[in-house]
Amino acid sequence: MTTLAAKGLLFDMDGTLIDSTQCIELIWRRWADRHGIDFAAILQVMHGRKGSETVAIVAPHLNAEAETAALIAEELHSLDGTVALPGALELLSQLSTEQWAVVTSAPRELALAKLKFAGLPLPQHLIGAEDVAQGKPHPAPFLQGAALLQLAADDCIAFEDASNGIRSAHAAGATVIAIHSDQTGLAQRCIANFQQLRLSQSEQSLTLSFTA
């Protein structure tokens, strides 16, 4: 049994709280086909990264901001198949709004739409793509997420699934739990889903227990 204590929890969204992989990859595949770009090259860099940064990497000749806006507009109308990961609703329902934040590479409007579609509570505290100058794997997103909770990042546990996000949380100083992820070598702890966790609370801290 592993037991970890923290004052706040920071959650990535796509692949962590929700599963929208099929939806996202289909939209990017169609985009790749339109522009004659190898989708395999996009897959290597897209997960856990801001859309504009992905476009800049795989298609530097295109206007990254304009292309990203078009991708976001398409995804806002294509949320079918987006579902909460097992145990996510149960865990979030036990937390007060001041104990958790979402730290995502998605824009705020899209993030809130996805969480609502998946039936999860909407966070009072959220860091989206437009809130940071440098996205994951830079530590800024998780540093700012912790600051929203009025905490230092090393007082927080971060949940992530992608290598860029895990590196971001590590660099910020948070304890990292990889969830539903093949990036187990990068994280301090790994779980299959939130159903493995048991949460207990005191006035000062949250305690998570689980068997890895």
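Relative accessible area under 20% is termed buried, over 50% exposed, and in between partly exposed (1.4 Å probe, protein chains only). The model is predicted, with pLDDT of at least 70 needed for local features and 80 or more for side-chain atom pairs, while totals for chains, interfaces and linings use all residues. Residues are numbered from 1 along each chain as its sequence is written, and side-chain values use heavy atoms, without hydrogens and water.

**View A. Ser96 in the loop between helix H5 (88-93) and strand E5 (100-103).** With a relative accessibility of 37%, Ser96 counts as partly exposed. Its C-alpha atom is separated by 17 Å from that of Leu17, 79 residues apart along the chain. Helices (H or I, at least four residues) and strands (E, at least two) are DSSP runs numbered from the N terminus.

**View B. Contact of helix H3 (residues 51-58) with helix H4 (residues 64-76).** The axes, lines fitted to C-alpha atoms over the stretch in contact, are 8 Å apart and form an angle of about 125°. Gly51, Ser52, Val55 and Ala56 of H3 meet Ala64, Glu65, Glu67, Thr68 and Leu71 of H4, where contact means heavy atoms within 4.5 Å.

**View C. The cis peptide bond between Lys136 and Pro137.** Omega of this bond is about 15°. Pro137 is located in the loop between strand E6 (126-127) and helix H7 (140-148). Most peptide bonds are trans.

**View D. Gln150 in the loop between H7 and strand E7 (156-160).** Phi of Gln150 is positive, near 60°, in a residue other than glycine. At 74% relative accessibility, Gln150 counts as exposed.

Terms used. Axes fitted to C-alpha atoms, helices over the stretch in contact; angles between N-to-C directions.
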